[in-house]
Structures are given as structure tokens and as C-alpha cells.
Amino acid sequence: MKFDLVTMGRSSIDLYSNDMGSPFENITSFAAYVGGSPTNISVGAQRLGLETALLTAVGEDPVGDFIVRFLDREGIETRFIARKPGRRTSAVLLGIEPPDKFPLVYYRDNCADNALNIDDVLKTPIASASAFEFAGTNLAKEPSRSATMFAAEQACHAGVPVVFDLDFRPDQWHDARAFGLAARAVMGQVQIVIGTQDEIKAAVLEDPNQVQLTHQQVSDARVGGNVPRATATILQLGPELVIEKCGARGSRIHVKGKVPVDIPGYPVDIYNILGAGDAFAAGFIYGFVKGWPWYKAARLGNACGAIVVTRHGCANFMPTYEEVMAFVGDRGGL
């Protein structure tokens, strides 16, 4: 079977606070969902109407069963999900204090998806897909790093468009500069890059005098701290398109040699921002695979992201195509 989209990377059980507005230390209960950026994107794209497959790994544990069962119910192809003996399925805990405080704790020590390897890639029909997407966190550890680079290379050689969601999680890297090195190393195989302003800047950060940077320091860094300059650097490395996610303002499309184009968003009241970027990516990739113009695809992505920020979780709350069309129909369309 040929898939519209194959995504590769992390998957997890996401435990989201049920006590909205409560400081993390006062949380009394959590709701259990499925998460992980490529996993969220696969679900979002599937709900919109694409046929998707997910390349991830889980442990031989009940948490892995929880994730796979959910994905099976969603119609995602799960036969390429590896089970890794001796590894644990990843977990994430999230507090919800809108509008701008969402403390996030990862449990990824010895996690299964970091053990994805080249053999796992060879078992997955990436070369026959309509698009291949992977996340930057894939590059933080071996053997996942080599496997992801191999997968991107295989897709590129087969003429399959490669989408790189920068997905920069500072606490998953021993040094913020290592993220930039790994990201730049794979750019030659990539057609589309998606990231926030901070992620785009981090992808080109090279200052050797800044060691063990925090997320805020990455944002403030002078080297790579200018988004237009950073996107120009990325485009010179090979990608055709850089999509800058701009939060409530929508998104911005950067094409080499052209003036950036702002794509307006859809204002909504924020409940939880986690998952909005993945919803955007799912919507944009749907439009891309369907042959839509960049602008229309990004507007769909903006709409998907706007819907998800009003909801409690990520994968479990991705909108269907019908839901998105009803949403935009009340707000001027795409």
C-alpha cells in the first residue's frame, strides 16, 4: 500500500493536568492521552483524510499497548512501530495555566523511540510515500539520529518530499549548538522546514562562546538571533520552503529570493498551546499532498492549530476535515 504520509519520531503517553490554572505542584489528577510530535501529525493528517503510517518505537509494556491501540482505532498504519526490549515507552506530564504557562516534564531516559535504527527504516515504505516527515528530536540521540538521516536520504533519493519539523526541545540536547549542527547536516535532504521563531534561530546558532544555552538564551542569542537571516541561511542549505509558525498571528512563508508572505491566523481563546504546532503541520501537509498553493495549505494549518489550542490535549483532539471546514466557514474561509 502506498501511503500519503509517513511520519517518524517520538511517541508517548501524555498526562495532562485536569486542574486548569493550578500550579504544577498542586495538580490532583491527570488525563491520559497519546502524544509525540510525529505521532500527533500522523493522527491529524489521518483525521483530515490522508492515509498515514507512523514509524516510531515503544517498549514491551502496557504504555506501548495504550499508544498502539489508540493509533489502530484512528486508522493509522502501526505495523512499522517497533517494540524495543529493555526500553520504556516515553511519557510526558503537562500542567495547564493559560494563557502562557504550560510546564512540561519529559520522561525519556532509556526511551524506546530513541532506539529506532536503520533496520526499522528499511522495513518502512518511505520511498513510495507521497511525503515523509520527521522531527528534530529524532536527531538528539543515536541510533535514532542515524536512522532519521538515512530515512531522509532514502526519501530524497526516491523523489519523496521531506518535511522537517524542527521540534527543538532544549532539555533533550546536551548542548543547544548540537541541535543546530544536526539540523544543518540534514537540510540538504529536506524540501520543507517548519518551526517557531526560536526553533529557526536555534537551527543556525553557531556561537562557540555560548555553552549549554537555555531556551531563553537561544531566543536572545545574537548569532542566529535574526529570523530573516536564519531563514535565509536554511534556504541556502537546500530546502525550498521555510514555514515560520507565529502563534496567534498565524504563519509566515519564506521562499528563497522572494519576500516572505504572512498567512493570517484565526483568533481564539487559548486553553492549551501544546499540540497546536503539530496540528498546523498536519493541516499544511494535507494541503501540500493535495497540491494546494502554499497560502491555502498554510491557512488550513493555521485553522487546525487554532482549533487544537482550544482543547485539552494533542493527538486525541486533532480536528477532522469537516470540523475544520465548519470552523473556517464561520471565519471567512481559507
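Student: In strand β4, which residues point one way and which the other way, and are they buried or exposed?

Tutor: In this predicted model, strand β4 covers residues 52-55, with Thr 52 and Leu 54 pointing one way and Ala 53 and Leu 55 pointing the other way. Residues on both sides of β4 are buried, and here buried stands for a relative accessible area under 20%.

Student: Which strand pairs with β4, and in what sense?

Tutor: The partner is strand β1, residues 5-8, which pairs with β4 in the parallel sense over four bridges.

Student: How should I read the open sheet, and what is the order of its four strands?

Tutor: The order is β3-β2-β7-β8, and the pairing is mixed. The edge strands, each of which pairs on one side only, are β3 (30-35) and β8 (104-107). Neighbouring strands are turned by 20° against each other on average, with direction ignored. Within the sheet, β2 (residues 12-17) runs antiparallel to β3 and is joined to it by six bridges, and Ser 17 stands opposite Phe 30 of β3.

Student: Which strands does α2 touch where it packs on the sheet?

Tutor: Helix α2 touches β2, β3 and β7 (90-94), and its direction makes about 65° with that of β3.

Student: What is the general idea behind a nonpolar core, and how many residues does the largest one have?

Tutor: In soluble globular proteins, nonpolar side chains tend to be buried together. The largest nonpolar core in this model has 46 residues, and those with the most contacts inside it are Leu 71, Ile 192, Phe 284 and Val 324.

Student: Which residues does Ile 192 touch?

Tutor: Not counting residues up to four places away in sequence, Ile 192 touches Val 162, Val 163, Phe 164, Leu 241, Ile 243, Phe 284, Phe 288 and Trp 294. There is also a second, separate core of 45 residues, which includes Phe 3, Ala 129, Trp 173 and Phe 179.

Student: What volume does the largest pocket have, and which lining residues are the closest to its centre?

Tutor: The volume of the largest pocket is about 1,500 Å³. Its lining is made by 49 residues, of which Thr 196, Ile 273, Leu 274, Ala 276 and Gly 277 are the closest to the centre. Among the elements that each supply at least two residues of the lining are β2, α1, β8, α6 (197-202), α9 and α10.

Student: Now the backbone: what is found for most peptide bonds and for the phi of most residues?

Tutor: Most residues other than glycine have a negative phi, and most peptide bonds are trans. Against that background, a cis peptide bond joins Pro 98 and Pro 99, with omega about 10°, and Pro 99 has its place in the loop between β7 and β8. Another cis peptide bond, with omega about 5°, joins Glu 142 and Pro 143, and Pro 143 lies in the loop between β9 (132-135) and α4 (144-157).

Student: Where are Asn 110 and Asp 167 found, and what is the phi of each?

Tutor: Asn 110 is in the loop between β8 and α3 (118-122) and has a positive phi of about 60° although it is not a glycine. With a relative accessible area of 42%, Asn 110 is partly exposed. Asp 167, in the loop between β10 (162-165) and α5 (176-186), has a positive phi near 45°, and at 2% relative accessibility Asp 167 counts as buried.

Student: Why does His 174 count as exposed?

Tutor: His 174 counts as exposed because its relative accessibility is 59%, and exposed begins over 50%. His 174 has its place in the loop between β10 and α5, and its C-alpha atom is separated by 32 Å from that of Ala 45, a residue 129 residues apart along the chain.

Note on methods. Residues numbered from 1 in each chain as written. Predicted model: local features only at pLDDT ≥ 70, side-chain atom pairs only at ≥ 80, totals over all residues. Heavy atoms only, no water. Core = buried A, V, L, I, M, F, W, Y, C linked by side-chain atoms within 4.5 Å. Buried < 20%, exposed > 50% of the residue type's maximum accessible area, 1.4 Å probe, protein only. Contact = heavy atoms within 4.5 Å. Pairing = 2+ DSSP bridges. Axes fitted to C-alpha atoms, helices over the stretch in contact; angles between N-to-C directions. 1 Å grid on protein atoms, 1.4 Å probe; cavity = no way out; pocket = protein on both sides within 12 Å on 5 of 7 lines; lining within 4 Å. Points joined across faces, edges and corners; volume = space filled by probe spheres on them.
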